[in-house]
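Biologist: I've got a few minutes for this one. Let's start with how you name things.

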Amino acid sequence: MKNKQKAFAVLTELKQLYPSPECGLHWQGEPYRLLIMAILSAQCTDARVNLVSETLFKRFPTPKDMADAELSDIEKEIHSVGLYRSKARSLKECCSRLVEVYGGIVPSEMEELLTLRGVGRKVANLLRGDIFGLGGIVADTHCIRIAGRLGLAGGKDPLETERSLEKLIPKEEQSGFCHRIVHFGREICIARSPKCENCVLSGLCDYKKQNKG
Ligand code: SF4
């Protein structure tokens with residue numbers, strides 16, 4: 001089966017499994033919130049980020065509030081999140097630039113987003129897809145691992161995964177595909193012990209063919 005056909009079949013199965021994929025971050029339709037929460041979510045669970053965000057956004061409800069805040073006050077608010085010191089600096093500097101250069105409005109272009117501290121391609125694609133409907137492959141750990149196991153990408157490099165999948169998944173489906181892959185990676189195609197016997201993608205999967213016969 002060609003990779004494009006396989007990707008279509010994978011997408012079809014995932015849509016049946018997860019009819020309405022949602023971002024695990026509760027950003028309430030506010031781009032500023034998603035930007036901040038996405039930066040906080042590196043090496044941290046969505047649940048933790050959602051919890052911390054409840055008080056964080058009460059204290060700093062706008063990009064200007066975050067930009068003007070004392071670093072130590074941001075650190076206090078997010079101290080239960082991993083890497084909180086560097087993330088606090090990212091939030092402050094990111095918001096300073098957001099206010100100074102973009103008038104407090106989250107920009108939509110990849111090149112613009114990448115100038116914000118704490119924003120790499122993974123976060124930028126999440127923002128472009130979920131806020132602006134521009135699609136984009138969010139090559140996080142689940143996406144890289146599962147695309148690799150299925151044989152749709154190499155399975156190691158984020159940029160290679162992004163480039164491979166963006167050719168295979170239609171733009172308007174990319175954000176939903178990535179959210180579904182995250183759910184699938186947490187529940188079925190788990191990093192250490194994938195549940196291949198109960199997997200709807202087993203007939204499409206190179207890993208299953210090679211490792212389980
Ligand atoms: S068959 Fe196994 S390795 Fe392949 S996608 Fe399913 S759970 Fe993952």
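Modeller: A helix here is a DSSP run of H or I with at least four residues, and the numbering starts at the N terminus. Keep in mind that this is a predicted model.

Biologist: Is S164 buried or exposed?

Modeller: Buried. The cut-off is under 20% relative accessible area, and S164 has 16%.

Biologist: And what is S164 in contact with, leaving aside its neighbours within four places in sequence?

Modeller: Two residues, L152 and A153.

Biologist: Which residues of helix 10 are buried?

Modeller: T161, E162, S164, L165 and L168.

Biologist: What covers them?

Modeller: The cover over the buried residues of helix 10 includes helix 1, helix 8, helix 9 and helix 11.

Biologist: Take helix 9 and helix 10. At what angle do their axes cross?

Modeller: Roughly 65°, and the axes come within 10 Å. Helix 9 covers residues 141-150 and helix 10 covers 158-168.

Biologist: Is the crossing of helix 9 and helix 10 left-handed or right-handed?

Modeller: Left-handed.

Biologist: Which residues meet there, between helix 9 and helix 10?

Modeller: From helix 9, C143, I144 and A147. From helix 10, P158, T161 and L165.

Biologist: Switching topic. How many residues are in the largest nonpolar core?

Modeller: 64. The members that touch the most others are L35, I36, M66, F177 and F184.

Biologist: Which helix gives the largest share of this core?

Modeller: Helix 2, residues 31-40, with 8 residues.

Biologist: And where does this core lie, relative to domain 1 and domain 2?

Modeller: Between them, because both domain 1 and domain 2 give residues to it.

Biologist: What are the bounds of the two domains?

Modeller: The domain assignment puts domain 1 at 3-21 + 136-212 and domain 2 at 31-119. Their centres, taken over C-alpha atoms, are 29 Å apart.

Biologist: Back to F184. What does F184 touch, not counting residues up to four places away in sequence?

Modeller: L14, L17, Y18, I146, C189, C199 and L201.

Biologist: Now helix 2 again. At what angle do helix 2 and helix 8 pack?

Modeller: About 155°, with the axes 10 Å apart. Helix 8 is residues 121-132. Angles over 145 degrees count as roughly antiparallel, so helix 2 is roughly antiparallel to helix 8.

Biologist: Which way do helix 2 and helix 8 cross, left-handed or right-handed?

Modeller: Right-handed. In helix 2, P31, L34, L35 and A38 meet residues of helix 8. Their partners there are V123, L126, L127, D130 and I131.

Biologist: R33 is in helix 2 too. Is R33 buried or exposed?

Modeller: R33 counts as buried, at 11% relative accessibility. R33 touches H26, W27, Q28 and F57, not counting residues up to four places away in sequence.

Biologist: How far apart are R33 and T62?

Modeller: 29 residues in sequence and 8.8 Å in space, C-alpha to C-alpha.

Biologist: You mentioned Q28 there. What is the phi of Q28?

Modeller: Near 55°, which is positive, and Q28 is not a glycine. Q28 sits in the loop between helix 1 (3-17) and helix 2. Q28 is exposed, at 58% relative accessible area.

Biologist: And what is the phi of Q43?

Modeller: About 55°, again a positive value in a residue that is not a glycine. Q43 is in the loop between helix 2 and helix 3 (46-59). At 72% relative accessibility, Q43 is exposed.

Biologist: Last one. Where is V200 found?

Modeller: In the loop between helix 11 (171-187) and helix 12 (206-212). V200 is partly exposed, with 40% relative accessible area.

Biologist: What does V200 touch, not counting residues up to four places away in sequence?

Modeller: E13 and L17. V200 and L17 are 183 residues apart along the chain, with 8.5 Å between their C-alpha atoms.

Methods. Residues are numbered from 1 along each chain as its sequence is written. This is a predicted model: local features need pLDDT of at least 70, side-chain atom pairs count only at pLDDT 80 or more; totals for chains, interfaces and linings use all residues. Side-chain values use heavy atoms; hydrogens and water are left out. A nonpolar core is a set of buried Ala, Val, Leu, Ile, Met, Phe, Trp, Tyr and Cys residues joined through side-chain atoms within 4.5 Å. Buried means under 20% relative accessible area, exposed over 50%, partly exposed in between (1.4 Å probe, protein chains only). Helices (H or I, at least four residues) and strands (E, at least two) are DSSP runs, numbered from the N terminus. Domain bounds come from an automatic or database domain assignment. Contact means heavy atoms within 4.5 Å. Axes are lines fitted to C-alpha atoms, for helices over the stretch in contact, and angles run from 0 to 180 degrees between N-to-C directions. Angles under 35 degrees count as roughly parallel, over 145 as roughly antiparallel, 65 to 115 as roughly perpendicular and the rest as oblique. A crossing is left-handed if the near helix is turned anticlockwise from the far one by less than a right angle, and right-handed if clockwise.
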